[in-house]
Amino acid sequence: MTDSRDASPGESDSLLDGAGEQASKMLERILAAAQPGAVFGQPVQSGSYTLITAAEVTSGGGFGAGMGRGPAPKPDAGQSPSAEAAPTTAEQPIGGGGYGGGGGAMSRPVAIVAIGPNGVTVRPVVDVTKLALAALTASAAMLRLRRTMRRVRKARAD
Amino acid sequence: MRSLMDIAGAREASAEPVTVDGVTVTPRSRTLVVRLPKGGFVWNRPTAVLVEQDGRVRRIPIIDVTRVAQMGLLGLALLTAGASLRRARRTEVPA
């Protein structure tokens, strides 16, 4: 994150240029996940088998930049004498700006390609934790729906 | 105005082929790329391997079992919810 105070128009331009540079670098890193090499690992030799891992890769990110300018605030009566003694900057506008961004990537194993004496086989990788969580969530939602409907039906019958 | 093809695009690509004992395996992947003015998104997943042996090419699909099971569970939950709602509506209608 970059912040500038009392930024002149030239400084603001350089700030935006810097933001653009950082943004294009970040976008390059995000788009690197689009290469097939990001999905398939390097072949690994294990006994008489050669194994290649295959994974699903998801990545994303975003960035933004902003700046603003305005007149300098008038000195208050309660300010220190040194502030009062300072020359007025009412004619000189002050401003600030900044840029930032964020992103993330996720990879999940999907299968293992095995090249061996029996030929080429694709063995799936099952994420048991993910499936158990999905099953629990689905059954909890179904049970809740059934209970709610039974309650409504009972209320209507009464 | 940017066209939809500039913003989002899907393509299938091949990774570096691997040759072991005369068998050439070429992994294939499908990529979805979304380019936004202030960011981007990439979804890359394996689809198949092309096996070339003795001059013949065979395609072995890579199935994401976890995703298929997840979608199955979601479908089952939606079906159950739909059936329950239909049953409740039927009992509401006076004879």
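Strands here, of at least two residues (E), and helices, of at least four (H or I), are DSSP runs numbered from the N terminus. The model is predicted, so local features need pLDDT of at least 70 and side-chain atom pairs count only at pLDDT 80 or more, while totals for chains, interfaces and linings use all residues. Residues are numbered from 1 along each chain as its sequence is written, and chains are lettered from A and ligands numbered from 1 in the order in which they are written.

The strands of chain B were examined next. Strand 3 and strand 4 of chain B pair in the antiparallel sense over 13 bridges. Two strands pair if DSSP finds at least two bridges between them. A hairpin of 2 residues joins strand 3 of chain B to strand 4 of chain B. Strand 1 of chain B also runs antiparallel to strand 3 of chain B, and 7 bridges join them. Here Ala13(B) stands opposite Ser29(B). Strand 2 of chain B is joined to strand 3 of chain B by 3 bridges, again antiparallel. In this pair, Val20(B) has Val23(B) as its bridge partner.

Two residues of chain B have a backbone angle of note. Most residues other than glycine have a negative phi. Asp21(B), however, has a positive phi near 50°. Asp21(B) sits in the loop between strand 2 and strand 3 of chain B, in a hairpin with 2 residues between the strands. Asp21(B) is exposed, because 10 other C-beta atoms lie within 10 Å. Asp54(B) is not a glycine either, yet its phi is positive, about 55°. Asp54(B) lies in the loop between strand 4 and strand 5 (56-61) of chain B. With 6 C-beta neighbours inside 10 Å, Asp54(B) is exposed.

Gly9(B) belongs to strand 1 of chain B. Gly9(B) counts as partly exposed because it has 13 C-beta neighbours inside 10 Å. The C-alpha atoms of Gly9(B) and Pro46(B) are 17 Å apart, and the two residues are separated by 37 residues along the chain. Chain B is divided into domain 1 (1-62) and domain 2 (64-95), with bounds from an automatic or database domain assignment. The C-alpha centres of these domains of chain B lie 35 Å apart.

The two chains touch. In total, 40 residues of chain B are in contact with 43 residues of chain A. Residues are in contact if their C-beta atoms, placed from the backbone, lie within 7 Å. Strand 1 (8-14), strand 2 (18-20), strand 3 (23-36), strand 4 (39-53) and helix 2 (65-92) of chain B each give two or more residues to this side of chain B. Helix 2 of chain B gives the largest share, 13 residues. The side of chain B that touches chain A holds 25 nonpolar, 11 polar and 4 charged residues. Nonpolar covers Ala, Val, Leu, Ile, Met, Phe, Trp, Tyr, Cys and Pro; charged covers Asp, Glu, Lys and Arg; the others, Gly among them, are polar.

Strand pairing also crosses between the chains. Strand 3 (residues 49-70) of chain A and strand 4 of chain B run antiparallel, joined by 6 bridges. Val57(A) stands opposite Asn44(B) in strand 4 of chain B.

The largest nonpolar core has 23 residues, of which Ala54(A), Val113(A), Val49(B) and Ile62(B) touch the most other members. Leaving aside neighbours within four places in sequence, the contacts of Val49(B) include Val113(A), Val120(A), Val122(A) and Ile62(B).

Chain A comes to 3 helices and 5 strands, in the order β-α-β-β-α-β-β-α from the N terminus on. Of its 158 residues, 15% count as buried. The mean pLDDT of chain A is 80; pLDDT is the predictor's confidence in each residue, from 0 to 100.

Technical notes: Contact = placed C-beta atoms within 7 Å. Core = buried A, V, L, I, M, F, W, Y, C linked by C-beta atoms within 7 Å. Buried ≥ 20, exposed ≤ 12 C-beta atoms within 10 Å, placed from the backbone.
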